[in-house]
Amino acid sequence: MIHPPNVLLLIESLTLQCLAIVLGACVGSFLNVVIYRVPAGLSILYPPSRCPHCLRQLAPRDNIPVIGWFLIGGKCRYCHSPVSWRYPAIEAATGFLFWCLAAYFGTSISIPMLCFYAAFLSWLLALALIDIDTMTLPNALTQSGLVLGLIYQASLVFIKSGDRTSLAGHVIFGIGGAVLGIWLLDIMRIAGRVFLQKEAMGGGDPKLAAMLGMWLGWQNILLTILIASAIGTLVGAIALLSKGIDKQQPIPFGPFLALGGAICLFLGNSILSTYLGWFGLT
Ligand SMILES: [Zn+2]
């Protein structure tokens, strides 16, 4: 039998999850604009969403995340040019990421913390997709993400319940993670240059690592880079062994870093405490 307080908790949790999906899909719609316009050096606020072919402004109903694309049958309402499936896919993916936050953390953390986490994942998704598209990680995004990470660390004393670390403690923790992130990626870049005799990593990767370190702190940035390198090596090996893939085509490292960072946001502390537990350190 379910007791009334449990029913209330369940309703609260389900409401939060539904809100997260809707909010995520709307944020995903904005990320589509960011992913398309930031690398091109265009404003993300003006002009409003329009068809890239005929430049006609989209009707409000076409802007409804995911559903809008199905309503127009994947074609522009005016010039009938195909509209990429990537747009609804990114909106759905953002909705899914926000749902993961609501389902995993739920009401165990404060709403402002959930919002910070949602912003962090949005930055990572945009950066990963821009890196796949253009092989660059725009400074505008890595630097704003770094500053937002600093604001997040400084806010923790106010928004994290039962927090016993001082404001300075959180800020030093974040800055330490950022510095470690840059150092490690720079060492990997230099090692790549020496051993592979070519540029194995882009200049934006250390900046992304700095941003991740600021958000996650020094222990989790180590784990993030470890996970990113492991998955990156695995994907690189699969690409090398598969037929029909251009072996000279460089693989961007940013998406792996972003994936590692997202995994550590959810599971980093559990993985670290399990690992330290093996050595009797917790
Ligand atoms: Zn059009």
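Visitor: Where is the place of histidine 80?

Guide: Histidine 80 sits in the loop between α2 and α3. Helices here are DSSP runs of H or I with at least four residues, strands are runs of E with at least two, and both are numbered from the N terminus. The model is predicted: local features need pLDDT of at least 70, side-chain atom pairs count only at pLDDT 80 or more, and totals for chains, interfaces and linings use all residues. Residues are numbered from 1 along each chain as its sequence is written.

Visitor: What is the phi of histidine 80, and is the residue buried, exposed or partly exposed?

Guide: Burial is read from C-beta atoms placed from the backbone: a residue is buried if 20 or more others lie within 10 Å of its own, exposed if 12 or fewer, and partly exposed in between. Histidine 80 counts as partly exposed because it has 13 C-beta neighbours inside 10 Å. Its phi is positive, about 60 degrees, although histidine 80 is not a glycine.

Visitor: How is the length of helix α3 to be checked?

Guide: The expected span is 1.5 Å times one less than the number of residues. Helix α3 (residues 86-104) has 19 residues and should span 27 Å; its end C-alpha atoms are 26 Å apart, which agrees. Buried residues of α3 include Tyr87, Ile90, Glu91, Phe98 and Trp99. Just after α3, glycine 106 has a positive phi of about 50 degrees.

Visitor: What does α4 reach from its first C-alpha to its last, and what follows α4?

Guide: The 24 residues of α4 reach 34 Å, close to the 34 Å expected at 1.5 Å a residue. Methionine 135 follows α4 and has a positive phi, near 60 degrees.

Visitor: At what angle do α4 and α8 pack?

Guide: Two packed helices are described by the angle between their axes and the distance between the axes. Axes are lines fitted to C-alpha atoms, for helices over the stretch in contact, and angles run from 0 to 180 degrees between N-to-C directions. Helix α4 (residues 111-134) and helix α8 (residues 254-278) pack at about 160 degrees, with axes 8 Å apart. That makes α4 roughly antiparallel to α8. By the cut-offs, angles under 35 degrees are roughly parallel, over 145 roughly antiparallel, 65 to 115 roughly perpendicular and the rest oblique.

Visitor: What is the hand of the crossing of α4 and α8, and which residues meet?

Guide: A crossing is left-handed if the near helix is turned anticlockwise from the far one by less than a right angle, and right-handed if clockwise. α4 passes α8 in a left-handed crossing. Residues are in contact if their C-beta atoms, placed from the backbone, lie within 7 Å. Among those that meet are Tyr117, Phe120 and Asp131 in α4 and Gly254, Pro255 and Leu265 in α8. By class, this contact of α4 with α8 has eleven nonpolar, two polar and one charged residues. Ala, Val, Leu, Ile, Met, Phe, Trp, Tyr, Cys and Pro count as nonpolar, Asp, Glu, Lys and Arg as charged, and the others, Gly among them, as polar.

Visitor: How do the axes of α3 and α4 cross?

Guide: They come within 10 Å and cross at roughly 145 degrees. The crossing of α3 and α4 is right-handed. The contact includes Thr94, Leu97 and Phe98 of α3 and Tyr117, Leu121 and Ser122 of α4. By class, the contact of α3 with α4 has nine nonpolar, two polar and no charged residues.

Visitor: Which residues are in contact with leucine 31, leaving aside its neighbours within four places in sequence?

Guide: They are Ile90, Thr94, Ser122, Leu125 and Ala126. Leucine 31 lies in helix α1 and is buried, with 22 other C-beta atoms within 10 Å.

Conventions: Contact = placed C-beta atoms within 7 Å.
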